[in-house]
Amino acid sequence: MTCFLHHQQRPLRSRLRHWQQVRTWARLIREAEALWHVDVRALRRIGAIELSQLLEEVPPIHRQRVNRWLHCYCASTRFTPVPTEKPPDS
């Protein structure tokens with residue numbers, strides 16, 4: 001019986017870890033955006049650098065969910081969908 005419960009909990013833990021990672025990426029992006037909006041030039045520059053690095057580092061599988069968190073945080077940054085190429089018709 002415990003073996004059966006263990007297999008059911010594993011996907012839940014995996015989903016929770018995935019959710020936490022997505023939320024963390026969105027929070028980091030929001031914090032970098034907040035730095036970018038400060039009037040002090042040095043902080044704006046640091047915020048812009050941090051934001052650009054974060055946007056490059058977010059794994060593609062998390063981007064759609066990170067966008068949802070950014071929307072909830074009222075952040076202005078969003079990931080644009082990458083167009084997928086269709087194979088040519090034969």
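Two residues are in contact when heavy atoms of each lie within 4.5 Å. With neighbours within four places in sequence set aside, Glu33 has contacts with Leu51, Ala75, Ser76 and Thr77. Glu33 belongs to helix H1, which covers residues 2-36. Its relative accessibility is 6%, and Glu33 therefore counts as buried, the limit for buried being under 20%.

The model is predicted. Its mean pLDDT is 76, and 73% of the residues reach at least 70. Confidence is lowest in H1, with a mean of 77, and highest in H3, with 85.

**Overall make-up**

The protein contains three helices and zero strands, in the order α-α-α along the sequence. It has 90 residues, of which 20% count as buried. Among contacts between residues at least 6 apart in sequence, 60% join residues at least 24 apart.

Helix H2 runs over residues 41-57. Its 17 residues should span 24 Å at 1.5 Å a residue, and the end C-alpha atoms are 24 Å apart, so the two values agree. Which residues of H2 are buried? They are Gly47, Leu51 and Leu54. Seen down the axis of H2, these buried residues fall within an arc of 65°, so they line one face of the helix. Leu51, one of the buried residues of H2, is also among the contacts of Glu33.

In H3, which covers 63-72, the buried residues are Val66, Asn67 and Leu70. They cover an arc of only 105° around the axis and therefore sit on the same side of H3. An α-helix has 3.6 residues a turn, so residues three or four places apart point the same way.

| H2 | Gly47, Leu51, Leu54 | 65° | Arg41, Arg45, Glu56 |

Just after H3, Cys74 takes a positive phi of about 60°.

**His62 and Arg63**

His62 lies in the loop between H2 and H3. Is His62 buried or exposed? His62 has a relative accessible area of 4% and is therefore buried.

Arg63 lies in helix H3. Its relative accessibility of 24% makes Arg63 partly exposed, because only values under 20% count as buried. Leaving out residues up to four places away in sequence, Arg63 touches Leu55, Glu56, Val58 and Phe79. Among these, Val58 places its backbone oxygen 3.1 Å from a polar atom of the Arg63 side chain. Glu56, another residue touched by Arg63, is one of the exposed residues on the face of H2 turned away from its buried side. Arg63 and Thr80 are 17 residues apart in sequence, with their C-alpha atoms 9.0 Å apart in space.

Terms used
Residues numbered from 1 in each chain as written. Predicted model: local features only at pLDDT ≥ 70, side-chain atom pairs only at ≥ 80, totals over all residues. Heavy atoms only, no water. Helix = DSSP H or I, 4+ residues; strand = E, 2+ residues; numbered from the N terminus. Buried < 20%, exposed > 50% of the residue type's maximum accessible area, 1.4 Å probe, protein only. Expected span 1.5 Å × (residues − 1). Arc of directions from axis to C-beta. pLDDT = per-residue confidence, 0-100. Polar contact = N/O pair within 3.5 Å; in protein donor to acceptor, adjacent residues only side chain to side chain.
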